[in-house]
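Please read these comments with the model open beside you.

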Amino acid sequence: MRKYFGTDGIRGRANGIITPDLALRVGQAAGLMFQQRGDYRHRVVIGKDTRLSGYMIESALQAGFTSVGMDVLLLGPIPTPAVAMLTRSMRCDLGVMISASHNPYEDNGIKLFGPDGFKLNDEVELQIEALIDSDLTQRLAGSATLGRAKRIESVQARYIEFAKRTLPRQIDLEGMRVVIDCANGAGYKVAPEALWELGADVVSMGVEPNGFNINHEVGSTAPDALIQKVREVRADIGIALDGDADRVLIVDEKGNKVDGDQLMAVVARSWKEDGRLSQPGIVATIMSNLGLERFLGGMGLGLVRTAVGDRYVLEHMRAHGFNLGGEQSGHIIMSDYTTTGDGLIAALQLLAVVKSLDKPVSEVCHCFEPLPQVLKNVRYKSGKPLQDASVVKAIEAGRERLGASGRLVIRPSGTEPVIRVMGEGDNEDLVTQVVDDVAEAVTLAASQVAA
């Protein structure tokens, strides 16, 4: 069991779990780990989203890295995928993103990228955890070998150019009205600028961060405002990013939501027709809809499922040579271009398909009818309710009732004390009943542990 790292870095309440002391020690531990790569001047890039606590955590991380002799390049507010890209581009040993993604402003987090731009694997994170909890006093740099810090000003323009170059040269967005919702987060400057430079008529939302309003009633987790704006301005498409811009949700011209499963279906079909899929299939998680699996099967493509978390999708993609994968939540990974989920690049690739087909987004993006999917979250205080005999029995009974025409997925959240119970199948009433039964068993087991 890991003490600090969850499914996507270290995350929690700012100044509660994510304290300056913890950030300082993460900087020292990670800095020491990655200075083992050779005898030269080591560097780390640090980006952040727009949370108020980002200033505090950035300063603490900077102190930690410089105290062990690592130079720090400060990027300011920038999307998570830009940090991954710049880690490689600037030949750094390590990349750090300060963000809690789609969580409210009270939370924050620390995501780490290796020199190759990929998120760290479990083994490396465990080694960093061991260093965090150890006495590092004797391993600090001497007075003459302390690190330096420098703020880099050109990073936003570099990322915009990088994102634009993922499109074919002949593609532009002239004649398209695009509403972009940046969640008052890390993409608030780069996403509207990139779309405008490509020729779109851009209507921007969620581009006035104040430290407190990230993800608040805007962004990919709160799309109602985007839906209303798309209808109001009669846009061709709405694009919603999350707080750190590594995932995306689309709204078509009719105001209908398009999730990550439909996006993967669109791109998979297009790339198959163009001969661009490196493997006959894509990689997604256990949460992706059965309708996606059936749609891909109809084209002779497979769907490989992994544990929830874009890092696990990416690990399977790398190990088995896939170049397309993602999550229903909108983390779309296109490994020909990026080393992590990238909301802006995923949106641009979709826009390229829409332009090439010259059809409305609603027509392009409705690849399959999703099966009814029911999700219930059960919060618990302590213990391991999933190991309770009554819960195990309820899960077995539920899976038996759904049979081969449905799925039942139960998993603990990687970021909060919540058990997620998800069921899907052709019969929505049956799915709802099965999910309710399992959720009730988990709730009862959790209450007994609490008592």
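This is a predicted model: local features need pLDDT of at least 70, side-chain atom pairs count only at pLDDT 80 or more; totals for chains, interfaces and linings use all residues.

1. Main core. The largest nonpolar core holds 75 residues. Leu195, Ile237, Ile239, Ile250, Leu296, Leu324 and Met334 touch the most other members. Helix H11, residues 343-357, gives this core its largest share, ten residues. There is also a second, separate core, with 32 residues. Its members include Ala23, Phe34, Leu120 and Ile132. As background, nonpolar side chains in soluble globular proteins tend to be buried together.

2. Methionine 334. Which residues does methionine 334 touch, leaving out those up to four places away in sequence? They are Val267, Trp271, Asn323, Leu324, Ile345, Ala346 and Gln349. Leu324 is also named with Met334 among the residues that touch the most other core members.

3. The five-stranded sheet. Five strands make an open sheet, ordered S8-S7-S9-S10-S11, with mixed pairing. Strand S8 (201-205) and strand S11 (257-258) are the edges, and each pairs on one side only. Inside the sheet, S9 (residues 237-241) and S10 (residues 248-252) run antiparallel and are joined by five bridges. Leucine 241 sits opposite valine 248 of S10.

4. Strand S18. Is strand S18, residues 418-425, mostly covered or mostly open? It is mostly covered, with eight of its eight residues buried. In a regular strand, side chains alternate between the two faces of the sheet. In S18, one side carries Val418, Arg420, Met422 and Glu424, all buried.

5. Partners of S18. Strand S16, residues 373-379, runs antiparallel to S18 and is joined to it by seven bridges. Lysine 376 has valine 421 of S18 as its bridge partner. Strand S17, residues 406-412, is also antiparallel to S18, again with seven bridges. Here arginine 411 stands opposite arginine 420 of S18.

6. Valine 361. This residue belongs to helix H12, residues 361-364. Valine 361 counts as buried because its relative accessible area is 2%, and the cut-off for buried is under 20%. It touches Asp236, Ile237, Ile250, Asp252, Glu253 and Val354, leaving out residues up to four places away in sequence. Ile237 and Ile250 are also on the list of residues that touch the most other members of the largest core.

7. Aspartate 246 lies in the loop between S9 and S10, and lysine 111 in strand S5, 135 residues apart. Aspartate 246 is buried at 0% relative accessible area, and lysine 111 is buried at 1%. Glutamate 125 and arginine 311 form another salt bridge, at 3.2 Å, N to O. That pair links helix H4 (residues 122-132) to helix H10 (residues 310-320), across 186 residues. Glutamate 125 counts as buried at 4%, as does arginine 311 at 5%.

8. A pair with one partly exposed partner. Glutamate 197 bridges to lysine 164, with the closest N and O atoms 2.6 Å apart. Glutamate 197 is in helix H6 (residues 190-197) and lysine 164 in helix H5 (residues 155-164), so the pair ties together parts 33 residues apart in sequence. Glutamate 197 is partly exposed at 33%, whereas lysine 164 is buried at 18%.

9. Charge network. Salt bridges with shared partners join Asp8, Arg11, Lys111, Lys119, Asp244, Asp246 and Asp310 into one network.

10. Surface patch. Leu52, Tyr55, Tyr105 and Phe212 make up a nonpolar patch on the surface. Together they have about 420 Å² of accessible area. Tyrosine 105 lies in the loop between strand S4 (94-98) and strand S5 (107-113). Its relative accessibility is 30%, so tyrosine 105 counts as partly exposed.

Notes. Residues are numbered from 1 along each chain as its sequence is written. Side-chain values use heavy atoms; hydrogens and water are left out. A nonpolar core is a set of buried Ala, Val, Leu, Ile, Met, Phe, Trp, Tyr and Cys residues joined through side-chain atoms within 4.5 Å. Buried means under 20% relative accessible area, exposed over 50%, partly exposed in between (1.4 Å probe, protein chains only). Helices (H or I, at least four residues) and strands (E, at least two) are DSSP runs, numbered from the N terminus. Contact means heavy atoms within 4.5 Å. Patches are made of residues with over 30% relative accessible area and no salt bridge: like charges are joined within 9 Å, nonpolar side chains (Val, Leu, Ile, Met, Phe, Trp, Tyr) within 5 Å. Accessible areas come from the Shrake-Rupley method with a 1.4 Å probe; for residues, only the protein chains shown count as cover. A salt bridge is a side-chain nitrogen of Lys or Arg within 4 Å of a carboxyl oxygen of Asp or Glu. Two strands pair if DSSP finds at least two bridges between them.
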